[in-house]
Amino acid sequence: MALYFCAYFSLGAFCPLLSQYLSSIGFSGSQVGVVTSLGTLGAVVSGLFMGKLYANSNSKKLVIIVSFVLAAVLSLVSSLVRTFVLFAVSYFVLHSIQEPVHSLCDSMIDSNGQNFAVIRSLGAVGYAVASYTAGLVANSYGLKTIFYFNGVFYLLSALFVIREKEPPHYSNRQEKASISDLFKEKKFVMLLIVAFFSLGSTLANNTYYAYLYREAGGDVAGVGLAFLLMAGSEMVFMVLIPFFERRFPIQKLIAVAFAVAIIRFGIYACGPSTGVLIGTFFLQGIMDGFLLVEMVKYFGRIVPPRLRSIAVTTYYALGSNFSAIICNLVGGVILDHFGARGVYLFFTALQFIALVLYFLFGLQKEIKK
């Protein structure tokens with residue numbers, strides 16, 4: 001679907017190269033960490049608000065369209081800002097809109113009964129193609145072009161939403177699940193702790209990989225090629241997940257993802273050449289392809305059915321986004337003192353802790369039906 005290709009093209013052109021743009025206008029590693037962390041914090045808070053607004057709206061498509069248009073305008077405005085405080089504010093507002101709007105699109109497609117798995121895979125294609133294309137263009141015309149890619153493709157996304165069917169509107173009168181009920185589930189709490197140590201570094205990698213690649217002597221175009229291959233490999237392994245699930249329980253696949261993450265970030269911490277960095281692209285496919293899909297399923301299985309939705313959203317808010325805030329902040333400080341290799345040594349330690357806790361809590365055991 002063109003909507004998903006364009007929406008994720010915007011992210012693929014923007015996110016991997018944002019840190020390099022900020023460095024080019026004089027931001028330190030710590031300042032980059034603050035900016036990206038503030039953006040993620042904004043997404044955590046606004047996601048709850050936008051989800052409620054969308055659920056209660058009679059014109060759900062309009063909510064998505066307005067969000068895409070606002071994200072496009074804010075992206076173009078952010079390209080004009082060069083001071084740290086003003087950019088931090090503008091990016092906070094921008095990311096508070098652009099991150100949640102993707103989940104609203106997921107809800108729209110799912111509620112309309114469309115084939116979500118196939119449609120979402122086009123988003124992965126868009127992200128991969130954008131990472132490579134934006135890298136080439138930025139290498140020739142400057143890193144500021146990532147804002148133009150982001151803005152233009154969000155406007156295209158808004159146009160494609162118009163063609164979609166309006167999702168049904170209804171009021172949920174059932175008793176709402178509470179977070180206090182959720183945290184009474186011991187296994188949920190243990191898996192959330194494990195997710196906190198693992199997921200943040202996988203997201204923060206989008207910020208710090210470019211630094212590692214540039215330290216190895218690569219250029220911006222090479223960063224784009226690397227993200228093209230890595231994002232493309234994620235799509236391949238996500239498609240293969242049903243094949244692996246027929247042979248292994250999801251608990252074992254998650255353990256494999258943790259082990260691969262330790263190997264991958266451990267290699268990065270050694271300061272490899274650009275050839276090795278690109279040549280090991282498939283490790284991200286195994287790591288993220290398994291982890292990002294199977295963790296959602298695992299959280300849905302370890303709580304009662306009435307708590308499944310809130311379990312997944314809490315996982316995204318605390319186990320993923322809040323963890324990414326910490327990793328971006330700490331990573332920025334480490335970058336200033338020890339370089340990108342130090343950042344990935346920190347990430348390796350986090351993944352090792354996640355794997356140890358995973359087995360210590362007994363989460364690798366298959367759930368008996």
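**Entry 1: H1 and H6**

I looked up helix H1 (residues 2-24) and helix H6 (residues 145-162), whose axes come within 8 Å and cross at roughly 160°. I note that the model is predicted, with pLDDT of at least 70 needed for local features and 80 or more for side-chain atom pairs, while totals for chains, interfaces and linings use all residues. Residues are numbered from 1 along each chain as its sequence is written, and side-chain values use heavy atoms, with hydrogens and water left out.

Axes are lines fitted to C-alpha atoms, for helices over the stretch in contact, and angles between N-to-C directions run from 0 to 180 degrees. Helices are DSSP runs of H or I with at least four residues, numbered from the N terminus.

I recorded the crossing of H1 and H6 as left-handed (the near helix is turned anticlockwise from the far one by less than a right angle; clockwise is right-handed). In the contact (heavy atoms within 4.5 Å), the H1 residues include Phe9, Phe14 and Tyr21, and those of H6 include Phe149, Phe153 and Phe160.

**Entry 2: H8 alone**

I checked the length of helix H8 (residues 186-215): its 30 residues should span 44 Å at 1.5 Å a residue, and the end C-alpha atoms are 43 Å apart, which agrees (the expected span is 1.5 Å times one less than the number of residues). H8 has a kink of about 50° centred on Asn206 (the bend is the angle between axes fitted to the seven residues ending there and the seven starting there). Just after H8, I found Gly217 with a positive phi of about 105°.

**Entry 3: H8 and its partners**

The axes of H1 and H8 come within 7 Å and cross at roughly 60°; the two helices are therefore oblique to each other. Their crossing is right-handed. Cys15, Pro16, Ser19, Gln20 and Ser23 of H1 meet Asn206, Thr207, Ala210, Tyr211 and Arg214 of H8. I count four nonpolar, five polar and one charged residues there.

For H8 and helix H9 (residues 220-245), the axes come within 10 Å and cross at roughly 130°. H8 passes H9 in a right-handed crossing. Among the contact residues I list Asn206 and Arg214 of H8 and Phe227 and Met230 of H9.

Terms used:
Angles under 35 degrees count as roughly parallel, over 145 as roughly antiparallel, 65 to 115 as roughly perpendicular and the rest as oblique. Ala, Val, Leu, Ile, Met, Phe, Trp, Tyr, Cys and Pro count as nonpolar, Asp, Glu, Lys and Arg as charged, and the others, Gly among them, as polar.
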